[in-house]
Amino acid sequence: MIPAIVVFLYLAAVLYIGIFAFRRARGKEEAEDYFLASRSLGPFVFLFSLFGTNMTAFAILGSSGHAFNNGIVTFGLMASSSGLVIPLTIFLVGTRVWALGKKHGFMTPVQMFRDRWECSHIGTVIFAVQAAMLVPYIIIGIMGGGTTLYAISDGAVPFWFGGAIVAMVVMSYVFFGGMRGTAWVNTFQTVLFLCFGAIALIVIGYGMGGFRSAATAMQNAPALAPLLTRERFSPYYFFSYTFIPLSAIAFPHILIFCLTARKITQFKKTVIFYPICIMAIWLPCVFLGVMANRVTDIPEIKAKQEARRVLATQGRTMEPEQRDQLREQSAGDDVIMLLLHRYAPLWLAGLLGAGIMAAVMASDSQILALSTMFTEDVFAFYGGKSRFGEAVQVQTGRIFIILITLFSYIVALQAPETIFELAIQYAFSGFASLSPLLIGALFWKGSTKWGALAVAVWTAAAVVAVAIFQATVPAPAPGGNTIVWALGGTEVLTRTPGGTAVFKFMPVVPMVLVSALLMYVVSLATQKPSRTTIAKYFGGTHS
Amino acid sequence: MNRILLVVAVVVLYLLHQDIWFWRSSRLVFGFIPIGLFYHACFSVAAALLMWLLVTFAWPSHLEREVEQAQHEEDGAR
């Protein structure tokens with residue numbers, strides 16, 4: 001029960017931060033203050049909050065779980081590629097969006113798109129696509145909170161109650177604190193993440209009797225040695241993953257965060273230290289996930305390995321449902337928790353549990369971003385702000401926060417978690433596919449609203465098509481692929497154990513390339529915005 | 001620093017991410033870190049160094065000037 005008490009203390013601390021931010025902003029009922037903290041975040045808070053908002057539950061729980069089953073490939077797939085691509089996009093796109101926001105008062109990406117391309121309802125279509133891909137994050141955050149509290153309290157806190165507590169806490173500090181509260185909580189959480197990795201590595205390493213013997217033993221075991229390499233992964237798949245981090249800058253909550261910096265120079269530290277922060281969190285988690293395979297005294301881990309072995313050896317002869325069941329049994333999302341439970345003292349497990357809690361509560365920025373988008377892109381755009389005033393706009397944003405949290409909580413109780421995990425998997429590809437919108441708006445005078453509409457419609461269609469394909473064609477056993485469509489001996493469309501392949505690449509590659517092509521071709525064929533608008537964006541810039 | 005050199009550095013680092021040369025090696029560095037993991041940790045440090053080069057030699061300072069100018073114009077209009 002001690003770890004659960006520590007976690008509750010942590011939840012009380014983040015709630016207090018949100019209320020403190022509210023008191024700091026007392027009297028200000030301005031949209032820019034509530035939704036963007038008056039564009040006043042300093043360098044330290046800007047770095048850690050921008051980084052923290054990009055670190056979801058997957059950073060700690062998912063990365064170690066993925067590494068447990070797939071080995072060291074996890075780090076190259078998701079961390080080091082992000083360490084290059086994300087700061088690069090913040091450097092190229094984030095700084096420009098910040099400058100345009102400062103000059104023209106934009107608070108959301110859609111406001112900028114509407115102004116840049118002189119459009120109205122096309123902006124609403126982009127809003128709808130972004131919102132539809134963002135909601136699953138909020139749902140999965142609540143589910144993660146419920147599951148974690150249940151595990152930390154050894155079942156004393158039921159899932160429904162844990163989820164309700166997490167939803168209430170997140171909703172409260174976003175409701176009261178707005179962007180300022182969210183940024184401060186994210187900063188606090190990121191510091192916890194960073195400490196978490198180092199402490200977990202030391203404690204578990206000590207408990208296991210050092211990593212040297214574990215690593216050597218894995219190297220000498222034929223069944224485990226491949227986890228120290230990437231031989232089970234296709235280079236096509238590995239390459240495809242470098243497209244996924246393009247999603248980061250296209251996420252509305254990240255772009256909105258870019259608008260909160262006080263000065264452009266605050267991007268400098270964020271851009272430089274981003275790869276180091278990613279490494280500091282992911283390296284210990286991936287390493288521990290791989291090393292968990294050598295643990296012999298935790299029955300739950302042995303059961304997962306056994307399920308993995310059965311799936312690999314007998315999977316081909318099984319029914320799809322049996323394979324899905326074994327996949328679920330072998331999933332390693334809780335290996336870090338199991339390692340901590342076994343090797344860390346109770347109070348430390350609680351502290352580290354709070355770190356994990358911080359990771360699963362990263363849905364705060366998405367809730368606030370959705371609220372900002374709704375009030376600015378829908379409520380204000382369709383006349384609400386001019387009719388009722390700015391104070392009502394902020395109150396509408398707050399009511400929206402309550403409604404979206406309630407909706408997410410109710411859905412989280414009803415639907416199986418795997419649905420939303422899949423939705424997030426598609427959403428990453430979807431947001432990466434939306435990235436040509438930003439490149440076109442900021443760097444190409446010739447881009448048009450029809451090009452933007454083509455990108456948005458293509459993205460929505462591609463995400464739905466991949467989802468339907470994966471729901472219709474069952475996943476094959478590990479090591480095998482189901483070729484659905486081949487052309488002259490070339491695999492065009494394949495169902496793989498982990499998803500879908502198009503010409504052996506992940507769907508994100510054709511999605512981004514087709515998206516960029518559509519932006520180019522459709523823009524060439526349609527009418528450009530007025531010269532005044534183009535001069536507003538490119539007249540005095542060096543683009 | 002020449003901007004073309006910086007673009008080349010970005011492309012080279014992107015290509016170096018695809019380290020097919022350590023694909024099948026389970027060699028351990030310092031006796032416990034698999035070489036493929038060690039390589040990508042070094043890659044992350046190299047990415048941070050590249051970002052430092054970009055920030056130092058290709059910083060979009062014109063954006064800052066434009067914002068300041070716009071704010072002066074806005075203040076003047078008031």
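A residue is counted as buried if 20 or more other C-beta atoms lie within 10 Å of its own. By this criterion, in the predicted model described here, buried residues make up 56% of the 543 residues of chain A. The secondary structure of this chain comprises 24 helices and 3 strands, and its radius of gyration of 23 Å lies close to the 24 Å that the globule rule gives for 543 residues, so chain A is as compact as a globular protein of that length. Along the principal axes, the C-alpha atoms of chain A fill a box of roughly 70 × 65 × 40 Å. Of the contacts in chain A with a separation of 6 or more, 82% are accounted for by residues 24 or more positions apart.

Among the helices of chain A, H22 (residues 449-472) contains 24 residues, which at 1.5 Å a residue should span 34 Å, and the distance of 34 Å between its end C-alpha atoms agrees with this expectation. Buried positions in H22(A) include Lys449(A), Gly451(A), Trp458(A) and Thr459(A), together with Ala462(A), Val463(A) and Val466(A).

The contact between the two chains draws 42 residues from chain A and 33 residues from chain B. On the side of chain B that touches chain A, the elements giving two or more residues are helices H1 (3-16), H2 (35-57) and H3 (61-77) of chain B, of which H2(B) gives the most, with 12 residues. Classified by residue type, this side of chain B has 21 nonpolar, 9 polar and 3 charged residues.

Notes:
Residues numbered from 1 in each chain as written. Chains lettered and ligands numbered in written order. Predicted model: local features only at pLDDT ≥ 70, side-chain atom pairs only at ≥ 80, totals over all residues. Helix = DSSP H or I, 4+ residues; strand = E, 2+ residues; numbered from the N terminus. Expected span 1.5 Å × (residues − 1). Buried ≥ 20, exposed ≤ 12 C-beta atoms within 10 Å, placed from the backbone. Contact = placed C-beta atoms within 7 Å. Nonpolar A, V, L, I, M, F, W, Y, C, P; charged D, E, K, R; others polar. Rg over C-alpha atoms; globule rule 2.2 N^0.38 Å.
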